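Reader: I would like to learn how to read a protein structure, one feature at a time. Please take me through an example.

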Amino acid sequence: MLRNKSFVKRTRKGNIVRTVKEHYLRDDISCGFEGCRHNVCVSARSEAEEQGKAAVGDVNPVAPLSANPRNSVQWGPHYLVPDTNAFVNQIDILERPIINNVVVLSTVLDELRGLSMVVYNRVRAVIRDHERRWYVFSNEHHRETFVDRAADESPNDRNDRAIRVAVQWLGKHLEGTAITPVMVTNDEDNLKKASSNNITACRMEDCLKVYTEYPELLDMMGSVNITDRNSGDPAWDAYPEYLSPVQIQAGIKSGMLVQGTLQIAPYNYLEGSIFAACPDGKERRVLIIGRKDMNRAIQGDKVAVQILPRSQWRKAPSAALVDEDEDAVPDIDAKADVASSGGPSVPDTNEKGDGAKTNEGRARKRARVAGEKRSGNAATGAVGTDDSIMDEPTQDGQSDFVKSDDIEDNSSDGEPTGHVVGVIRRNWRSYCAFLDPSFANRGARASNAPVSVSVLAMDRRIPKIKIRTRQVDVLSGQRFVVAIDSWPKESRYPQGHFVRALGDAGDKATETEVLLLEHDVPFQPFTKNVRADLPPEGDKWLLDVDRDQVSSGKRRDLRHIDICSIDPPGCTDIDDALHAIRLPNGNFQVGVHIADVTNFVKPNTAMDKEAAHRSTTVYLVDRRIDMLPELLGTNLCSLMSNVDRLAFSCIWELGQDASIVSVTFHKSVIHSKASLTYEEAQNRIDDPSLQDPITNNIRDLNMLAKKLRKRRIEA
């Protein structure tokens, strides 16, 4: 069935053109259930087998949904069909390996692509892992599940209706199988409409209660509203409202606002700056000092900033800003403050009491932070808390705000300062965090009741993050991962949720994982899809002159040349080798041979994409994180001695003075004669009794290298 939709749009040149969009609706789209007996689904599985689409284990990629999904008392065997918001807010939960047999609607994927490419890519990554049994159902292209948008219907309402229609169709399609598709949504209106249409639906929290053996899943719920009533500062006021996107763009265009990426000072988390692009083409630094002026922006956010009046610019370097509240969790601080002010008493949980610990910690923090100075500059005056740094401009001073084209280099008025009026793009990610045992609220509570606590990010530039958890006693003293969900203007700190535990603080394996996560180093094991691209022979791979294009001449055979490699001790991924030969005319032939990884890693394969994502091999003191699977990195693509290996060679002819006479490049096959360490190579050079070809080649290479180095230094 073909549907045409025409509309007009304006081109960049201002011309109005009419566009016709053709939309094909089909009735041959499979439901994805591996045991479905409908003719369309059986035919789809048969076609996949005929086309050679190999199964991954016992999973058919065309129909991955299991015949034995998770069983619950409420729904029996069921598949999950999350809506868009479920993926956006709960992707950390849905990524867990225990969440399988999920139907991802094309409506949801399209919405995710527009809302968050990060979440979209994470969902796609799980879909590619066929063992997870996630299936993309193209409801937007199915004749019976496609819905038109009504005249009085918003795009969001239309998409919600499309999801309900798809779930309803799946329910009817699977009648007789005892399997129920369950729509997962936290949208109350969507739940009511689903109930009125006899569609099985539930909230995310109800869905997770089915996984009774994994109680930590409930702690991972995102977008939980945590009140800020225990901020510890009775004078705390809400943050200013952000300007609208239209106001921000107009302000940037007029020069009243500047934009840039917020960089928090590593020595002082309450001092940030951006480099603002000015109309003259130069970038100038604008300071943003204090929590109120940062206005809920964190490290890496792209922000819109209003330059403050010149009277509020910083005239000279000052002592580091101190925020007494940052040393302890707000809930505990609040109790200590109430107790010290004569309010209701708070029971101590140890001999000295948490209040004493907190006050001691504050004193140490004040002594340490106040003594820090800005890189080499002496402090000229003390500064109070962030609320006293700069007052809001009075009504009369509104006209004193500085435009971007009025910022001057080395101005006598001091260093420009500003305050954030909007966040253009958030840079939130998952953060490694820590819950200090002395900060954990261990008061009386229900055994499984969630508790609001604040955790400290390992990155000192990130503010505390408030989470709700049922695992306070377990997480106390541990490293774990949290994610930020929101930062309402009424909350002093951002609100987030627990993602997963890493281990005990101080443990070597735990701290190593924290290091890798904080520096965004991919270290997970290679997936089955990646390993499927490895040669089927494995470590038994041998050179085949026909397959590897040696007999055809496309790859030159250099196995007769005395080639060697020189690397650090213990090196197993030998990626280069070299040789030198004295020619009859007195010149030298010098060759550098690089392992030909492209022979095993083909473009756009799963392995190619994974290698591009990892970019490099990362070395730690006790291990390394490989860019390629070990079979390639340390075996087939390692130019080890006494085995045939594929390479890409660069061959020079050099004169006696090391000048280049000619150069050629070609694919090759080599047979290294020796894998030497630096020490072994130097010993060969220094031992006059050694006159073998490899040793003489190394001496010639050393002689030529010295001549090249001398020429470079003299140039």
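Author: We will go through salt bridges, a core, a sheet, a helix and some backbone angles. Keep in mind that this is a predicted model.

Reader: How many salt bridges does the structure hold?

Author: The structure holds 33 salt bridges. A salt bridge here is a side-chain nitrogen of Lys or Arg within 4 Å of a carboxyl oxygen of Asp or Glu. One of them joins Asp189 to Lys193, with the closest N and O atoms 3.2 Å apart.

Reader: Why are Asp189 and Lys193 separated by about one helical turn?

Author: The general idea comes first. An α-helix has 3.6 residues a turn, so residues three or four places apart point the same way. In this case, Asp189 and Lys193 are both in helix α6 (residues 188–196), 4 residues apart, and that is about one helical turn.

Reader: Which parts of the chain does the salt bridge between Glu271 and Arg314 tie together?

Author: In this pair the closest N and O atoms are 3.2 Å apart. Glu271 lies in strand β11 (residues 268–277), and Arg314 lies in the loop between β13 (302–307) and α10 (330–340), so the bridge ties together parts that are 43 residues apart in sequence. Glu271 is buried, with a relative accessible area of 5%. Arg314 is buried too, at 11%.

Reader: Where are Arg285 and Glu415 in the chain?

Author: Arg285 forms a salt bridge with Glu415, and their closest N and O atoms are 2.5 Å apart. Arg285 is in strand β12 (residues 283–289), whereas Glu415 is in the loop between α11 (354–370) and β14 (418–425). The pair links distant parts of the chain, 130 residues apart. Arg285 is partly exposed, with a relative accessible area of 24%, and Glu415 is partly exposed at 22%. Glu271, Arg285, Arg314 and Glu415 are linked in a network of salt bridges.

Reader: Which residues have the most contacts inside the largest nonpolar core?

Author: They are Phe87, Val123, Trp134, Val455 and Phe480, in a core of 78 residues. Take Trp134 as an example. Leaving aside neighbours within four places in sequence, the residues in contact with Trp134 include Phe87, Leu94, Ile99, Asn101 and Val123.

Reader: Next, the sheet. What is the order of the strands in the open sheet of 3 strands?

Author: In general, strands of a sheet pair through backbone hydrogen bonds, either parallel or antiparallel. Here the order is β9-β13-β14, and the pairing is antiparallel. The edge strands are β9 (257–261) and β14, each of which pairs on one side only. From one strand to the next, the twist averages 30°. The antiparallel pairing of β13 and β14 runs over 6 bridges, and Lys302 stands opposite Arg425 in β14. Helix α8 (residues 245–254) packs on the sheet, where it touches β9, β13 and β14. The direction of α8 makes about 105° with that of β9.

Reader: What should helix α18 span, at 1.5 Å a residue?

Author: Helix α18 (residues 693–714) has 22 residues and should span 32 Å. Its end C-alpha atoms are 32 Å apart, which agrees. Among the buried residues of α18 are Ile694, Ile698, Leu701 and Leu704. The elements that the buried residues of α18 pack against include β26 (644–654) and α17 (678–686).

Reader: Which value does phi of Asn101 take?

Author: Phi of Asn101 is near 55°, a positive value in a residue other than glycine. Asn101 sits in the loop between α2 (84–94) and β5 (102–105) and counts as buried, at 4% relative accessibility. Asn642 has a positive phi of about 70° and is not a glycine either. Asn642 lies in the loop between α16 (630–636) and β26, and at 53% relative accessibility it counts as exposed.

Key: Residues numbered from 1 in each chain as written. Predicted model: local features only at pLDDT ≥ 70, side-chain atom pairs only at ≥ 80, totals over all residues. Heavy atoms only, no water. Helix = DSSP H or I, 4+ residues; strand = E, 2+ residues; numbered from the N terminus. Buried < 20%, exposed > 50% of the residue type's maximum accessible area, 1.4 Å probe, protein only. Core = buried A, V, L, I, M, F, W, Y, C linked by side-chain atoms within 4.5 Å. Contact = heavy atoms within 4.5 Å. Pairing = 2+ DSSP bridges. Axes fitted to C-alpha atoms, helices over the stretch in contact; angles between N-to-C directions. Expected span 1.5 Å × (residues − 1).
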